[in-house]
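Try each one yourself before reading the solution.

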Amino acid sequence: MQTIDWNDFTKVELRVGRITAAEPFTEARKPAYILQVDFGPEIGTRKSSAQITALYTPEQLLGRLVVAVVNFPPKQIGPIMSECLVTGFHNTEGHVTLCVPEHDVPLGTRLL
């Protein structure tokens, strides 16, 4: 495992956001959703493509808090521009389970 120093870690903007919309990404090569994630007034709402269809329905995602990287450059994914990276972990079956705060925190709060 490569080590990093504190300055490397602080370059990554991991922020809390709330999913305000989730719809199937029908044009994606692998099953995915297009998410709208609200990070509060400082950052605003960002779009993301997320391959999380095995464990979540769009209805289960609405209102859920998530942790996302907000300072990657936008990335073209098929016909959409992904503006943040929603984080998660692969379970034993290889499906992604979301990285989420245990309790409510203000939107846009930075992970430290």
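**Exercise 1: the pocket lining**

Strand 3 contributes three residues to the lining of the largest pocket, the most of any element. The model is a predicted one.

Task: find which residues lie nearest the centre of the largest pocket, and work out its lining by class.

Solution: 
- Step 1. Start with the space itself: the volume of the largest pocket is about 560 Å³.
- Step 2. Collect the lining, which comes to 26 residues; nearest the centre are Ser49, Ala50, Gln51, Ile77 and Leu85.
- Step 3. Assign the lining to elements: two or more residues each come from strand 3 (45–50), strand 5 (75–77), strand 7, strand 8 (88–90) and strand 9 (96–98).
- Step 4. Sort the lining by class, which gives 13 nonpolar, eight polar and five charged residues.

**Exercise 2: strand 4 and its partners**

Task: decide whether the residues of strand 4 are buried or exposed, then identify the strands that pair with strand 4.

Solution: 
- Step 1. Take residues 65–69 and apply the cut-off for buried, under 20% relative accessible area. Five of the five residues in strand 4 are buried.
- Step 2. Look at the directions: Leu65, Val67 and Val69 point one way, Val66 and Ala68 the other, and all are buried.
- Step 3. Turn to strand 1 (residues 14–24), which runs antiparallel to strand 4 and is joined to it by five bridges. Here Leu14 stands opposite Val69.
- Step 4. Val86 is the bridge partner of Ala68.

Definitions and conventions
Residues numbered from 1 in each chain as written. Predicted model: local features only at pLDDT ≥ 70, side-chain atom pairs only at ≥ 80, totals over all residues. Heavy atoms only, no water. Buried < 20%, exposed > 50% of the residue type's maximum accessible area, 1.4 Å probe, protein only. Helix = DSSP H or I, 4+ residues; strand = E, 2+ residues; numbered from the N terminus. Pairing = 2+ DSSP bridges. 1 Å grid on protein atoms, 1.4 Å probe; cavity = no way out; pocket = protein on both sides within 12 Å on 5 of 7 lines; lining within 4 Å. Points joined across faces, edges and corners; volume = space filled by probe spheres on them. Nonpolar A, V, L, I, M, F, W, Y, C, P; charged D, E, K, R; others polar.
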